[in-house]
Amino acid sequence: MSDYILHGYAALFNVRGDARTGCTLPYYVQPGAFRLSAATTPLIFAHDRGLQYASTGRKTLALWQDARGLAFEARLPMNNHSAGLIAGVRDGCYDQCSVEFQNEVSHFATIEGERVKVIESALVGEISVCPEGACNATAVWLGNVLHDDLPHRMRPLARDWAKGWAAGNAPAAVNDLLENRPGICGPRGGANNGKRDRRGGHGLSATVNRAAPQQF
C-alpha cells in the first residue's frame, strides 16, 4: 500500500520562486500564507486537470502548514494510471511540485536588490507534481522510502515533514486519511517504532518538455 503514497512539500516559505504565468516577477510566500479552506484541492500532474490522482474532497490528499512550508500526503489509487506517476517520482524524473494560487493577496518588495512579489495569503487551487516547478526547492518522494535513501536535498525536508505529521499538524478534516496505513518511513532502522502517527503556491511550473508516462 505504501508504494502508492506520496509525501512532499508543494511550497516553501521565504524561498525564491521563479516568475510564473500571470506574473513576470519572482516571488516569495510568507509563512502561514495558505488558506486551506478550498472546497476541494486536487493533486495532479503538470497542471493537467485531466491527470488527477487525489483530492482533499475525497480525503485522499492531506495538506498542512509548518515552519518550512505547505506539506502534503497523497494516497493514489492502485492502478496503472498511478503507476506511471509513481515510477517517475521513484526515478527522480518528477521530483518537484507547483501550486496554483487562488484569491491571492500580495504586495511587491525588493529583496536582495531584486523586485519581487510577496504572497501574503492564497487558497490552494491545486498541487501539481512536475519535472520542474516554479520553486526548484520543492520536493515530492515516495512514502515508503527511508529518509537516508532520499537525495541529499530532500532529507531535511523529509525529516521536517515527519515531525509535522507526528505533531498532528494535518487539519482535523483529514485526520482519518489513511487511518490504517503503515507507519511513515523515517531514519534507517524504523518508521516510528511501531506507534501510529497522529494526523492532526507556487505559480504554474516552467514549461514541461518531458512527455507524461505511457500509463497516463
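This is a predicted model: local features need pLDDT of at least 70, side-chain atom pairs count only at pLDDT 80 or more; totals for chains, interfaces and linings use all residues.
Let me begin with Asp 18, which is partly exposed at a relative accessible area of 38%, where partly exposed means between buried, under 20%, and exposed, over 50%, as judged with a 1.4 Å probe on protein chains only. Asp 18 forms a salt bridge with Arg 16, with the closest N and O atoms 2.9 Å apart, and by salt bridge I mean a side-chain nitrogen of Lys or Arg within 4 Å of a carboxyl oxygen of Asp or Glu. Arg 16 itself counts as partly exposed, at 35% relative accessibility.

Residues are numbered from 1 along each chain as its sequence is written, and side-chain values use heavy atoms, with hydrogens and water left out.

The count of salt bridges comes to seven, and another of them links Arg 49 to Glu 126, whose closest N and O atoms are 2.7 Å apart. Because Arg 49 lies in strand β5 (residues 48–55) and Glu 126 in strand β9, this pair ties together parts that are 77 residues apart in sequence; strands here are DSSP runs of E, at least two residues long, and helices are runs of H or I, at least four, both numbered from the N terminus. Arg 49 is partly exposed, with a relative accessible area of 42%, whereas Glu 126 counts as buried at 5%.

Strand β9 also holds Lys 117, which counts as buried at 11% relative accessibility. What does the side chain of Lys 117 make a polar contact with? The partner is the side chain of Glu 104, at 3.1 Å, a polar contact being a pair of N or O atoms within 3.5 Å, where within protein one must be able to donate a hydrogen and the other to accept it, and residues adjacent in sequence count only if both atoms are side-chain atoms.

Turning to the nonpolar side, the largest nonpolar core has 36 residues, and those touching the most other members are Leu 6, Phe 34, Leu 43, Phe 72 and Leu 76. Strand β9 gives the most to this core, with five residues. A second, separate core of 14 residues includes Tyr 9, Ala 139, Ala 158 and Trp 165. Such a core is a set of buried Ala, Val, Leu, Ile, Met, Phe, Trp, Tyr and Cys residues joined through side-chain atoms within 4.5 Å.
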